[in-house]
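Subject: Structure handover and findings

Hello,

I am passing on the structure we discussed. Please look through it first; my notes follow below.

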Amino acid sequence: MTMLSVEKLSLHYGAAQALKGVTVSAAIGEVTCVLGRNGVGKTSLLRAISGQRPISGGTIRFDGRDISRLKPFERAELGIAYVPQGREIFPLLTVRENLETGFAPLKSKERRIPDEIFELFPGLRTMLGRRGGDLSGGQQQQLAIGRALVTKPRLLVLDEPTEGIQPSIIKDIGRAIAYLRQRKDMAILLVEQYFDFARDLADRFVVMERGEIVQHGDRSALEGGDVRQRLAI
Amino acid sequence: MRKQSVFDRQSIVVLSLLAATAVLVPVLNVSVPPGSPFHVSDHLIPLLGKYLSFALLALSVDLIWGFCGILSLGHGAFFALGGYAMGMYLMRQIGPRGVYADPILPDFMVFLNWKELPWFWHGFDWFPFAALMALAVPGCLAFVFGWLAFRSRVTGVYLSIITQAMTFALMLAFFRNDMGFGGNNGLTDFKDILGLPIQSGFTRIVLFVLSAAALAGGYMLCRWVVNSKLGKVLVAIRDAESRTRFLGYRVENYKLAVFTLSAMLAGVAGALYVPQVGIINPGEFAPANSIEAVVWVAVGGRGTLAGAILGALVVNAGKTWFTGALPEFWLFVLGGLFVFVTLLMPRGILGAAKDLWEQGKRVRSGLRRDAVPFAAE
Amino acid sequence: QDTIKVGILHSLSGTMAISETTLKDVMLMLIDEQNKKGGLLGKKLEAVVVDPASNWPLFAEKARELISKDQVAAVFGCWTSVSRKSVLPVFKELNSILFYPVQYEGEESERNVFYTGAAPNQQAIPAVDYLAKEEKVERWVLAGTDYVYPRTTNKILEAYLKSKGVKPEDIMINYTPFGHSDWQTIVADIKKFGSAGKKTAVISTINGDANVPFYKELANQGVKATDIPVVAFSVGEEELAGIDTKPLVGHLAAWNYFQSVETPENKAFIEKWKTFTKNDKRVTNDPMEAHVIGFNMWVKAVEKAGATDPDKVIDAIVGVQVPNLTGGVSEMLPNHHITKPVLIGEIKDDGQFDVVWNTDGLVPGDAWSKFLDGSKDLVADWKTLKCGNYNTVTKKCGA
Amino acid sequence: MINLRDFLRTLLLLVFTTSGAFAGPYEDALPKFAADSYSDTEAAIGTVAASGHPLSLPLVEALRDGRLLASAGQVFIREPSGGLINAATGQAFGPVPADLKPVRLNNRVRRAIEAAMGGLTLLSSGAAARREAARAVFRSRDAAALRTIEQAIAREADPDLKLALQAARASILLGNEAASTADRLWAVETLRERGDQDALALLSSLPAGTQPEIVEPADRAADSIRSRLALWSALQNVWYGVSLGSVLLLAAIGLSITFGTMGVINMAHGEMVMLGAYTTFVVQEIIRTHVPSLFGASLFIALPLAFVVTGGVGVLIERTVIRFLYGRPLETLLATWGLSLILQQAVRTIFGPMNREVGTPAWMSGALELGGLSLTYNRMAIVLFAFAAFGTLLLVMKYTSLGLYMRAVTQNRRMAGSIGIRTNRIDALAFGLGSGVAGIAGVALSQIDNVSPNLGQGYIIDSFMVVVFGGVGNLWGTLVGAMTLGVANKLLEPYAGAVLGKILLLVAIILFIQRRPRGLFALKGRAVEA
Amino acid sequence: MTEPVTPTLLYLDNVTVSFDGFKALNALSLALDHTEMRAIIGPNGAGKTTMMDVITGKTRPNQGTVLFEGKHDLTSLDEAEIAELGIGRKFQTPTVFDMHSIEDNLLLALKGERGPFSALLSRHTNQESERIDALLERVRLTAHRQRRAGELSHGQKQWLEIGMLLAQEPKLLLVDEPAAGMTDQETADTADLLRDIAKTRSVVVVEHDMTFVRELDVKVTCLHEGSVLAEGPLDAVSANERVIEVYLGR
Ligand SMILES: Nc1ncnc2c1ncn2[C@@H]1O[C@H](COP(=O)(O)OP(=O)(O)OP(=O)(O)O)[C@@H](O)[C@H]1O
Ligand SMILES: Nc1ncnc2c1ncn2[C@@H]1O[C@H](COP(=O)(O)OP(=O)(O)OP(=O)(O)O)[C@@H](O)[C@H]1O
Ligand SMILES: [Mg+2]
Ligand SMILES: [Mg+2]
């Protein structure tokens, strides 16, 4: 079932246009991967979906409903969770408090930190009392994913989650995403540069160039070399 | 690579406006008959002169705040120190014309039974010395203060607050009659400056023109600084101080240099201010005065030297006008202006004007982005 | 021009607004009243109000504006000494007239200024005499805000007390900054100083805002007037309106006028004031009376001179007599100060003063104090000597 | 007790009136009250008090309370109940003379009354009255009371009161040339034990020419008291410091939220404090005119109201101005400066520029004497209140989700929105909370400072100083900062004077910041240093 | 002082850094020769960035020796002094001057006098322009030269920062995760670039991307919990059981 469908989305930074009529969708139980080189607009797309930047054209539908005018927190309440590029954890809150901020969109009886987060990232459990800002880059990335999961999302939006992560944890994250996918209760939109990682996970993919979607397809298309080729130009 | 000289478009506009004022105002004062609508009346001359010295103060604040991110809430102290240096000179010029007719001691000293001139008053009867002190005292204070603060990497609000503490402490100190600066009453009742009677129309005009010249000079100096590579380093420091360090720049030296320069400019402003308003007293050290100077800059547009000048002129002219026209409500108007400017003109009056201009231009010539590094947070 | 403009130069904002706004109101009332009486020289009076915002240089600027731009015939204004000092050169330069209504430190007499408030000899010295005689005070605390008025007054008092045989160890002098608000230590010190077995009193020249916390602290620490009376020179009805005076009953103030003075003139004045302000809780105070006197003197002088021209008014006004509100007749002296009665009042629990002592006649104000080295040889006389600081020893005017 | 007294009085009056009016010292003194001369009144009080006349106590009480009326040489007492009796005969009086005026008082007269009351009430049945009397006699050292006091000592059962009475006796004996050396030495000893400032005053001001055998022990006793007092006065200074610190803390904690946590350079903070103080004024005005009996509770009523009023104003300001300025902290300085001008002038326009009277409820006046310490109740109340406010705020910030969200929002507003925090509501609430806390600080400060439009201006600089000195963003820092500055100020003041002390403190702050560029409780770690 | 006989450029011995009791570096020792490139790997939080912080003067070690060129004690110098000795750094999260144009970012980084007065009087030379042009070309930002750095995407900022590092012409380059957020092709590019640089200078690279590390083909040090866990050629290190356990995963 399609959870998210983005149509003809465009976005401007001042006078510069970063997205030009992008159309993407994400379905429950699937991982949709956004690929593309630096500066093509991947992050901008996710910012538009999460509501951090206003869009200048097109629509964003979530669960059938047009959310393009909603505030970020309203989207979060609907079940969109965002793991941004650069982690953006709350530096002066402890790890536990960082996770607890994820309670905000939840009803009060749902407010507990699911154990599966610590199963996915065992390191976090030992760091609960430390301040988020003091963690190393990779640790922060784990925290950011954990925090997103606390909100019990139906759409998980991840911006380069493997950046700066040690190989074993990349594998863990891969497993985590695979696990979340097989739970079949959320759609996952993943921006990724690390091609092998994307290939292993993606059910479907799109490739962006200069703010536009230039190619899309399903898992099988990734196996061939042409997408990789395309990214390498 | 864009070539940036001191005489870019903004400078030319500012300098020609200043030159025009410096010429027109005296001319309109002297040669237009009082009845005419173009006549600039006598009482406006020192008033305009005062605005110009405030503008110079605003310029000095903008130099460090707008371009180096140092928010000084104590710049009034440098202004006042410059003013006191000038005031001391003017005091010594009174000579035996004081009420007690003491040839050496200013009235307030006679009055407090001082028997001789304190050591720090010596030399101030000689103008060049006083002028030097108007530069050197604020400069030295800024140097010492800055040396301490920047070396230990005091930044942000911490720096702002200690500058405020500095001016507050100075205010309390100058209020003390035992300090030898006339206490709360300060220095006043001046008679003449460089042999010219201070109240004559001619002296007033000379002072006015000097203020305009000083402002123009100060502006060019600041322009030169901010357009040079030094200016780029300052902006870099403002935006990412520690990154600048990792490139090998000694941030503290840069800050110290501009801070001192800025304090000296403020000192000059103070020295020009005193003969035109006729009094200097510890009230000038009041933290609120320093905050006001910052407010002028913000109103005009931070990080654009011309904006600082504009802000100082607009706010002060508004103040003069409204304290007379709406004595009971002028605070509403002024307060409202500040709120209005912040909300609707985030980059100050000049910024808003520029935006309008840019918009117009974009409409006219398609889309082109302005790459001039511009101040924002 | 069919109106005569009168400038009102009192702060309506900033720290001094507390005191000065009332003076602006009283001036508006007087002008209004004069207009009802038919104006002056057949013309209506017109008030020009500006707000110098408790900012001293701004006083000078506004004075200049009033005189040059608005062409006022006279200015009534200023409260603090520094504001007066700031405008002085302007009045001299532009040759206009200032009426200054507040008690001050003296040591000044200018041709263009008329001092309708008390000089130190019209307030401080009688108060000390009263305490020494009536309350048998032997030990003195001179507490003041650190600025010229308290400094001078205290100097004069110190010299005066010493001349009366008070030992230096029986005088304690204390200065505090403007707006001082934490008086715990100082009040405790006063208590300590006062418990040495000798009757002690405090002479307070504490200014403005600092008074309320000072009196509140006195009340807190239980310093009663029967133990250590405090006599103040800057606390009047207006200031007391902000304090619960029950614990302060018996503390004193020395002025030339109190609202509680029972004379027909005063009653009428209070009545007018309450009607004018449409508020029957508004109090009257000494500087207001000074403005009343000053204004009436000016009116008389203008009538006498037949013009508002400052030179003529300045010549005409010396010797002008007008009734004050305490039953006497005040006269403008050649030194531009006036004659006033000195009254000492004790604070009552309703925030008014009970006049417990007054001078028999009126005391002429001295421009120059006899108790200061620098000024004991100076006299001011704008009538015959045409000089504000004539030195009787060198027989020269100023320089 | 009252009944007993009234009964006795009527009894005495009965005896007195039946026995006829003999002219005695009492009756001779009466006309002096009508002379409208303070010295006559003073003399008359002495005579009346010593006369032993049954009406002397009611007469002196009436004089004290302004109920003694005089007209044309005759003196009347207005009973508290309203009836008028003739002071000479004690009989109710019919036709009231028209020009009846209260006998006027001044300090001298009040002192005489106090002394007289002391002598007259030493034997009174009420413990409080006796205590007061003992104190009065101690102060007046009125030799005439010696006999009565000895009687009183003999009868006194309460050990505490006995001590007070003995001290009073000692004060009389010590300077009394006529007393025996043994008595006077006893006096020295008793005073030494009392050991307070008053005792010291007595011991160190013996009349010239006193025998050395008394002067020497007196000097020794004085010395020992002096050294004891020095210790107490050091403690006292610390207390002053703590109480000043509490004032600073109160003024600053609201700011530690709006500025420390939210990063708004809130120049209008002082005006919030002022609004709180004015709320107190309004509450008290209403209570005064409508329900005076509630006056004691006025501050408790004012507290929540002030919180709501200023909090509301805060929310309003946040919604209309501040919210457009997040991410531009420096601009908040400009806008809030403008707002502070507007608020000041608004209050000036509405309430007038003068000070407004905010009264102190009875339970807050007076002082607790603790050894050599004197702790005034209102300062104690402020100290307790400051700590309570601090504690509450700390709990809110640390343990409620509001606190958590507030910190999250200020650390990264964009991300907080994306995680689902309603940023605009949290912003408004946070600013409202900070303003509300400033408002309740205003309630407390109205007790010790001017309630005028300038109130806030006096605290704004100190508040910023405290928050910054303590370390921005750290509530504990604000607490420690406020206390440190308060105590340091008060410890410096006795040596350097108020002005120099303050200058020194400012210089010390400047130098301290050099050592710790991020304040006392600096936030450390990567996040801050980046 | 005489020139050191050892070829060691950077020498860390027994360096310990602890934050409130937490040891980020634990008796770490490491030596780097002239013109050597060293790859540092290790789990998240192993102390790699902290090590760079110590070398560049951002963090003062609690104990231990850090010598540069055998004579400069880096623990007693501040950031600017260390930078002037010739140690340049690229940060893990790219930090550039957001308000300046790309070009000015590079200009500020260019090797040269660093004093305020020389900055005030400095004139823009052709040499400088050429150098900047070359750098822009190298980091593929020529098209963006006039844009403000703050507008760049994450990966573009990474490149700009590498450009700035090159502009400084340091003797020792510390490069923290240069390949993060780059495509595979760009990663390979970066590896080329670094290998090139390492011909004349010394380089320390931190990276988690094993493909990249392999391409560098240099000696690898694996840190764990603040100390060296393994050192040697990549193959040897990646075969190490402990390394697999704590870092590479199975
Ligand atoms: N805040 C901004 N202001 C102006 N332009 C921006 C801003 N953020 C991004 N851009 C521009 O928009 C374009 C798309 O940027 P975006 O961050 O979406 O790229 P990306 O695909 O995520 O790249 P990367 O892989 O480097 O993260 C880039 O050209 C960038 O320069
Ligand atoms: N200023 C600090 N305060 C407290 N802890 C810190 C501080 N700086 C670093 N740490 C801790 O030190 C450890 C090492 O951090 P460091 O950033 O050096 O790791 P890293 O090896 O670079 O990790 P990554 O590969 O994830 O970037 C981490 O656990 C981190 O939390
Ligand atoms: Mg991106
Ligand atoms: Mg790292």
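This is a predicted model: local features need pLDDT of at least 70, side-chain atom pairs count only at pLDDT 80 or more; totals for chains, interfaces and linings use all residues.

Helices and strands here are DSSP runs numbered from the N terminus, with a helix needing at least four residues and a strand at least two.

A:Glu209 and A:Met3 are 206 residues apart along the chain, and 24 Å separates their C-alpha atoms.

Ligand 1

Which chains supply the residues around ligand 1? They come from chains A and E, so the site is shared between chains. The surroundings amount to 21 residues, and the closest are A:Thr43, A:Ser44, E:Glu151, E:Ser153 and E:Gly155. By class, the shell holds 11 polar, 6 charged and 4 nonpolar residues.

Two helices each supply at least two residues of that shell: helix H1 (42-50) of chain A and helix H6 (154-168) of chain E. H1 of chain A gives the most, with 4 residues.

- E:Gly155: a polar backbone atom is 2.6 Å from an oxygen atom of ligand 1.
- A:Lys42: a backbone N or O atom lies 2.8 Å from an oxygen atom of ligand 1.
- A:Gln193: a side-chain N or O atom is 2.9 Å from an oxygen atom of ligand 1.

On its own, ligand 1 has 630 Å² of accessible area, and the protein covers 87% of it.

Chain D

In an unreviewed entry, UniProt annotates residues 238-260, 297-317, 329-347, 380-405, 426-445, 465-488 and 495-513 of chain D as "transmembrane region". I have values for two of these spans. Residues 329-347 of chain D are 100% helix and 0% strand, with the end C-alpha atoms 27 Å apart. Residues 426-445 of chain D are likewise 100% helix and 0% strand, and their end C-alpha atoms are 28 Å apart.

D:Ser56 sits in helix H4, which runs over residues 56-64 of chain D. Is D:Ser56 buried or exposed? Its relative accessibility is 2%, so D:Ser56 counts as buried. The side chain of D:Ser56 reaches the backbone oxygen of D:His53 at 2.3 Å.

D:Lys32 is part of helix H2 (residues 25-33) of chain D. With a relative accessible area of 34%, D:Lys32 is partly exposed. The C-alpha atoms of D:Lys32 and D:Thr336 are separated by 65 Å, and the two residues are 304 apart along the chain.

Chain B

Chain B also has the UniProt feature "transmembrane region", again from an unreviewed entry, at residues 12-32, 52-85, 126-150, 157-175, 201-222, 253-274, 294-317 and 329-349. Across residues 52-85 of chain B the content is 82% helix and 0% strand, and the end C-alpha atoms lie 19 Å apart. Residues 294-317 of chain B are 83% helix and 0% strand, with 16 Å between the end C-alpha atoms.

Backbone angles

Most residues other than glycine have a negative phi. Two residues with a positive value are listed here.

B:Ala101 has a phi near 60°. B:Ala101 is in the loop between helix H3 (75-94) and helix H4 (107-111) of chain B, and at a relative accessible area of 23% B:Ala101 is partly exposed.

C:His336 has a phi near 70°. The loop that holds C:His336 runs between strand S12 (329-331) and strand S13 (339-340) of chain C. C:His336 has 0% relative accessibility and so counts as buried.

Regards

Technical notes:
Residues are numbered from 1 along each chain as its sequence is written. Chains are lettered from A and ligands numbered from 1 in the order in which they are written. Side-chain values use heavy atoms; hydrogens and water are left out. UniProt positions are given in the numbering used here, feature names are shortened, and annotations may be inferred rather than shown by experiment. A residue is near a molecule or strand if one of its heavy atoms lies within 4 Å of it. A polar contact is a pair of N or O atoms within 3.5 Å; within protein, one must be able to donate a hydrogen and the other to accept it, and residues adjacent in sequence count only if both atoms are side-chain atoms. Accessible areas come from the Shrake-Rupley method with a 1.4 Å probe; for residues, only the protein chains shown count as cover. Ala, Val, Leu, Ile, Met, Phe, Trp, Tyr, Cys and Pro count as nonpolar, Asp, Glu, Lys and Arg as charged, and the others, Gly among them, as polar. Buried means under 20% relative accessible area, exposed over 50%, partly exposed in between (1.4 Å probe, protein chains only).
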